Amino acid sequence: MVEDATEEIRTRGDARLNLIEFASRIAGDADPSRAGHQVSALYVVLCLVVPAVMGLFAATAAFVLSKLARRRSLNE
Amino acid sequence: MLEIHLPVADTTVFAPWVVLLGASVGFLSGLFGVGGGFILTPMLNILFGIPYNVAAGSDLAQMLGTSVSATSRHRGFGHVDVRLGLCMLAGAWLGTELGARVVEFLKIVGRITVAGRELSGLDLFIPLAFLVLLSVIGTVVLRESLRARKRPPRGGAVETPIIKWVQGIRLPPMISLRTSGIRISIWILIGIGFATGFLAGFMGIGGGFVLMPTLIYVIGVPTTMAIGTGLFYIMFVAAFGSYTHALKGNVDLVLAVLLLLGSIFGAQVGAWLTEKVRGAKIRYWFSLAVFVSAIAVLAKLVVQLGVLGSPGS
């Protein structure tokens, strides 16, 4: 199944090649080229985890940067 | 090279434009305590031709990341009333699911003829709902903020007859919100949560652009506290909305990630700015952003209906 999905996506050309599509294809039942399709559980989980992790990353980065800026201003 | 195909929306977009749109919306999100869906959903449809159901679902996914990013910043400033947010969430779950089901119904309702033009139910009712809400909220907030800029309210909280009436309702159980400095019936908070949750599911918005003015003008929460608490609430609504839309195949994760690349950093800048600007000025800017979005939705509807004789898109 993995080989079929890889081959199909490769033959369509790289403009439509992406990891999310690949993930949902190998997870089983999805046809991601259509809106309103039946999606896999993996895709649903990714829709929640990816944005939350990106948000946490930005918040942590901002926190660390503000701490560094405060420390630098105190040193000066 | 920078053109990316969106698998669910089935369209190709120029990635930097999408990231830039995400950054602008993230900035507004951090500054106004809104998810940004009231601007982003119509803009995705107007600028990139993404169907409303996919724009709404993907919007909620990016909103999840943006609200996580901005809430943590506001919590650091002490702008989040956790008890207030959790009470509203109790009503939001049912409202969000109901809104998403109405979108599903509109998908199958077929095409509707208006002024001789055929439109799908989604393309007609969602923009109309946006237009009415944006116009009403923009007008109310603009009028109040202009008055408040001349005569600022004491203690940061706005005073209106509605606030006195709502806070006077003694329907038990009552809850004391010490962080916001008010005491109110828990049923009012659950009702507000239900209404904003419905908007989240139906229109692909976190409900923040309704929640922020509601907290300020109906409950009497200070502006900066309304912004932080609104974002805290939106974080949960967006997670649930994203989940239910993903199940229905309405979330394009590639689109959501592109938007997030800009919005998570824009949100940090917007949140930082709330510490530097007065509440009345923030509300004035908010009303202008609402009007810009209303004009964009109206322009799209006018073109679609061919009212001015231009070809339908």
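Predicted model: local features only at pLDDT ≥ 70, side-chain atom pairs only at ≥ 80, totals over all residues.
I'll start with chain B. Its secondary structure comes to eleven helices and six strands. The chain has 313 residues and a radius of gyration of 19 Å, close to the 20 Å from the globule rule, so chain B is as compact as a globular protein of that length. The C-alpha trace spans about 50 × 40 × 40 Å along its principal axes. Of those 313 residues, 55% count as buried. Take the contacts in chain B between residues at least 6 apart in sequence: 80% of them join residues at least 24 apart.

In chain A, helix H3 runs over residues 41-75, and its end C-alpha atoms are 51 Å apart, close to the 51 Å expected for 35 residues. Its buried residues include Tyr43(A), Pro51(A), Ala52(A) and Gly55(A). In chain B, helix H7 covers residues 186-203; at 1.5 Å a residue its 18 residues should span 26 Å, and the ends are 26 Å apart, which agrees. Among the buried residues of H7(B) are Ile188(B), Leu189(B) and Phe202(B).

Last, the core. Which residues touch the most other members of the largest nonpolar core? They are Leu64(B), Met212(B) and Met235(B), in a core of 108 residues. Helix H9 of chain B, residues 223-247, gives the most to this core, with 14 residues.

Look at Leu64(B) on the structure. Leaving aside neighbours within four places in sequence, Leu64(B) is in contact with residues of chain B, including Met235(B) and Ala238(B), and with Leu48(A), Pro51(A), Ala52(A) and Gly55(A). Of these, Pro51(A), Ala52(A) and Gly55(A) are buried residues of H3(A).

Notes
Residues numbered from 1 in each chain as written. Chains lettered and ligands numbered in written order. Helix = DSSP H or I, 4+ residues; strand = E, 2+ residues; numbered from the N terminus. Rg over C-alpha atoms; globule rule 2.2 N^0.38 Å. Buried ≥ 20, exposed ≤ 12 C-beta atoms within 10 Å, placed from the backbone. Contact = placed C-beta atoms within 7 Å. Expected span 1.5 Å × (residues − 1). Core = buried A, V, L, I, M, F, W, Y, C linked by C-beta atoms within 7 Å.
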